[in-house]
Amino acid sequence: MLEYCRQNAIALRQQEPLSAHTTFKVGGPAQWFALPDTEEKLCMLLQECRRRGVKTAVIGRGSNLLVSDKGFCGMVISTSALEAVGVTGCTVAAQCGAALSFIAAQAARYGLQGLEFAQGIPGSLGGALVMNAGAYDGEMSMVVRQSRAVSPQGEIITLGAAEHEFGYRTSFFKTHPGYVVLSSELVLEQGIREEIERKMSDFAERRRQKQPLNKPSAGSAYKRPQGHFAGQLIEQCGLKGCQVGGARVSDKHAGFIVNEGGATASDILRLMDHIEKTVKEQTGVTLEREIRLLD
Ligand SMILES: Cc1cc2nc3c(=O)[nH]c(=O)nc-3n(C[C@H](O)[C@H](O)[C@H](O)COP(=O)(O)OP(=O)(O)OC[C@H]3O[C@@H](n4cnc5c(N)ncnc54)[C@H](O)[C@@H]3O)c2cc1C
């Protein structure tokens, strides 16, 4: 792979610690870690890995990921060098690796409303589409017009809004893991810049007050169970502050698991198993994980 990437000018690292590429700051090394800076290079690399039988994983900003302690045996492809964002009229076109908060800030600069919710979600556009990321009554499904993606067979496809099959924290890309998002067009509405920015500051303040933003985490560990809030259930079961190794149920928001320093993926997984078992026993509710495991 080294020679192939050198010949094709694809930045490649070996035994790269994935803890440096996840917001949890946890995870062992990737055997190979590539940072393609064009969509063509990304597609070529996927194809080459397929041809050689090398296992691949595409990651964005690593803000919804728990990487195992033993790392990833294969090629991890980071989209973070694919970050172009352009605004034309009410349309924002962005590459998969663009930071969602940057896209939201650009939209606000042009007085475009509809993406205020995305400010403060520390993911990439690609990761946000996979997860149908959302907050404060907004989510990606409300703004996406179309996306380009590459199929597991290497074919470039365009998906219209309905073809994304968005649902609560899910999409076509989540249920079809071999597809890789390349770029998307988001349609917003003309608004007033000051009002948009005020709304974004308000959301940011609400996050600062409620979420443990000063500690490494992957955001909400669980999806919202029907009729409940995961954090409330966890707190109600007396699990706030519960700790396994360096992993702890946040004292500020029980829906977050935080890395107190030196946490391993195995600490986090053991804590999650304990939370799920306790909540099931005490309330009868099954918690579904929002955090995605990479191993
Ligand atoms: C402090 C904090 C607050 C958060 N708040 C929110 C919130 O309010 N709302 C919310 O919904 N989420 C929230 N999150 C979770 C997270 O930011 C989102 O899920 C985000 O969309 C993940 O994007 P990412 O680029 O980090 O994806 P990653 O974590 O890198 O990857 C997530 C999944 O998407 C896949 N993937 C990534 N890029 C692509 C691509 N281009 N093509 C195909 N698959 C891809 C990966 O393989 C993986 O399975 C929060 C996280 C943190 C740490």
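Figure 1. An oxygen atom of the ligand is 2.6 Å from an N or O atom in the side chain of S63. At G60, a backbone N or O atom lies 2.8 Å from an oxygen atom of the ligand. The model is predicted: local features need pLDDT of at least 70 and side-chain atom pairs count only at pLDDT 80 or more, whereas totals for chains, interfaces and linings use all residues. Residues are numbered from 1 along each chain as its sequence is written, and side-chain values use heavy atoms, with hydrogens and water left out.

**Figure 2. The shell around the ligand.** Of the 32 residues around the ligand, V58, S63, S124, G134 and R207 come nearest; a residue is near a molecule or strand if one of its heavy atoms lies within 4 Å of it. The shell divides into 16 nonpolar, 12 polar and four charged residues. Here Ala, Val, Leu, Ile, Met, Phe, Trp, Tyr, Cys and Pro count as nonpolar, Asp, Glu, Lys and Arg as charged, and the others, Gly among them, as polar. Helix α4 gives the largest share, five residues. At least two residues each are supplied by β3 (56–59), α4 (125–131), β9 (134–135), β13 (180–187) and β15 (217–220). Helices (H or I, at least four residues) and strands (E, at least two) are DSSP runs, numbered from the N terminus.

**Figure 3. S217 in strand β15.** S217 has its place in strand β15. S217 counts as buried because its relative accessibility is 10%; buried means under 20% relative accessible area, exposed over 50% and partly exposed in between (1.4 Å probe, protein chains only). The side chain of S217 reaches the backbone nitrogen of G219 at 3.1 Å. Apart from its neighbours within four places in sequence, S217 is in contact with T23, F24, F256, I257 and V258, where contact means heavy atoms within 4.5 Å.

**Figure 4. S101 and helix α3.** S101 is found in helix α3 (residues 100–109). Because its relative accessibility is 31%, S101 counts as partly exposed. Beyond its neighbours within four places in sequence, S101 is in contact with A118, G120 and I121. The buried residues of α3 are L100, I103, A104, Q106, A107 and A108. They pack against β6 (85–88), β7 (91–95), β8 (112–113), α4, β13 and α6 (193–210).

**Figure 5. E276 and helix α8.** Helix α8 (residues 265–283) has 19 residues and reaches 26 Å from its first C-alpha to its last, close to the 27 Å expected at 1.5 Å a residue; the expected span is 1.5 Å times one less than the number of residues. E276 lies in this helix and is buried, with a relative accessible area of 18%. A polar contact of 2.7 Å joins the side chains of E276 and Y222. Just after α8, G284 takes a positive phi of about 80 degrees.

Technical notes: Polar contact = N/O pair within 3.5 Å; in protein donor to acceptor, adjacent residues only side chain to side chain.
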